[in-house]
Amino acid sequence: MPPQTEQPFRHIVLIGFMAAGKSVVGREFASRRQLKFTDTDHLIVERHGPISELFAARGECYFRELEARAVAGALAEKSQTVISLGGGAVLDTGTQQLLRSRATVVFLDTDLETVLPRIVRSGHRPLLAGDPGRRWQELAKARRPVYESLADITIDTRGLTVPAIIDRLTTILNEGA
C-alpha cells in the first residue's frame, strides 16, 4: 500500500463562543474566496432536526456525538472548505486531533457584552437556559483554554464589523502564505 500523502491544503475552521459570529463570518469569507462553506450546526439540523429538540429528547451527550461526526465529515472534504463549528464542538478530543492535522483554526474571540443581544434575540440555545448571561460566562470561562490551545489565528472581534473581521483574517492568511 502506498504511503498516504497529506492534503495540499488545510481547511479554514472558525471556532469560538456561542454567538461570536462564526457562521456569518464563515459564510461571507468563503464567498469572497470562492470556497465551499459548511456550518456543522446546520448540518446537524438538516439531518436530525432542531438542536434544542435533540437536547430535550436525547440529551447533550447524544448531540455531541452527532456534532463530532458532522465535524469529521466536513474535515474529510476533498477541497478546501471554510467550516464553522458550534461552540462546544472543540471539547471532543477526536475533533481536536482532526483540527490540528487538517485545518487552520481561527478563534473568533469576543465578550458577553458583544454577544448578549444576539443570544437574547435567538432564544434557542439549550445550554443557556435560565440566566443566559451567567451561563454564557461560565461556558466561556471553561472553553477559552481549549479555543486558545487550538487556535492558529485569534481575532478579537469586539467592535469589528463582519467585513472588518474578514479583512483582518485575509491579511493574516496572506502574510502566512
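Me: Helices (H or I, at least four residues) and strands (E, at least two) are DSSP runs, numbered from the N terminus. With that settled, where is isoleucine 172 placed?

Reply: Isoleucine 172 belongs to helix α8, which covers residues 162–176. Please note that this is a predicted model, in which local features need pLDDT of at least 70 and side-chain atom pairs count only at pLDDT 80 or more, while totals for chains, interfaces and linings use all residues. Residues are numbered from 1 along each chain as its sequence is written, and side-chain values use heavy atoms, with hydrogens and water left out.

Me: Which residues does isoleucine 172 touch?

Reply: Leaving aside residues up to four places away in sequence, isoleucine 172 touches Ile153 and Ile155; contact means heavy atoms within 4.5 Å. Isoleucine 172 and isoleucine 153 are 19 residues apart in sequence, and their C-alpha atoms are 8.0 Å apart in space.

Me: And how accessible is isoleucine 172?

Reply: Isoleucine 172 counts as partly exposed because its relative accessibility is 29%. The classes are buried (under 20% relative accessible area), exposed (over 50%) and partly exposed in between, with a 1.4 Å probe and protein chains only.

Me: Changing topic: is threonine 81 buried or exposed?

Reply: Threonine 81 is buried, because its relative accessible area is 0%. Threonine 81 lies in strand β3, residues 81–84. Apart from residues up to four places away in sequence, its contacts are His11, Ile12, Lys36, Phe37 and Thr38.

Me: What lies 2.9 Å from a polar atom of its side chain?

Reply: That is the backbone oxygen of serine 79, at 2.9 Å from a polar atom of the threonine 81 side chain.

Me: Now the helices. At what angle do α4 and α5 cross?

Reply: The axes of α4 (residues 60–75) and α5 (residues 93–102) cross at roughly 15 degrees and come within 10 Å. Axes are lines fitted to C-alpha atoms, for helices over the stretch in contact, and angles run from 0 to 180 degrees between N-to-C directions. The two helices α4 and α5 are therefore roughly parallel; angles under 35 degrees count as roughly parallel, over 145 as roughly antiparallel, 65 to 115 as roughly perpendicular and the rest as oblique.

Me: Which residues meet there?

Reply: Ala68, Val71, Ala72 and Leu75 of α4 meet Thr95, Leu98, Leu99 and Arg102 of α5. By class, this contact has six nonpolar residues, one polar and one charged. Here Ala, Val, Leu, Ile, Met, Phe, Trp, Tyr, Cys and Pro count as nonpolar, Asp, Glu, Lys and Arg as charged, and the others, Gly among them, as polar.

Me: How far apart are the axes of α5 and α7?

Reply: The axes of α5 and α7 (residues 132–150) are 11 Å apart, and the helices pack at an angle of about 25 degrees. That makes α5 roughly parallel to α7. In this contact, Gln96, Leu99 and Arg100 of α5 meet Val146, Ser149 and Leu150 of α7.

Me: One last item: what is phi of glutamine 34?

Reply: Phi of glutamine 34 is near 55 degrees, a positive value in a residue other than glycine. Glutamine 34 sits in the loop between α1 and β2 (36–39), and it is exposed, with a relative accessible area of 76%.

Definitions and conventions:
Polar contact = N/O pair within 3.5 Å; in protein donor to acceptor, adjacent residues only side chain to side chain.
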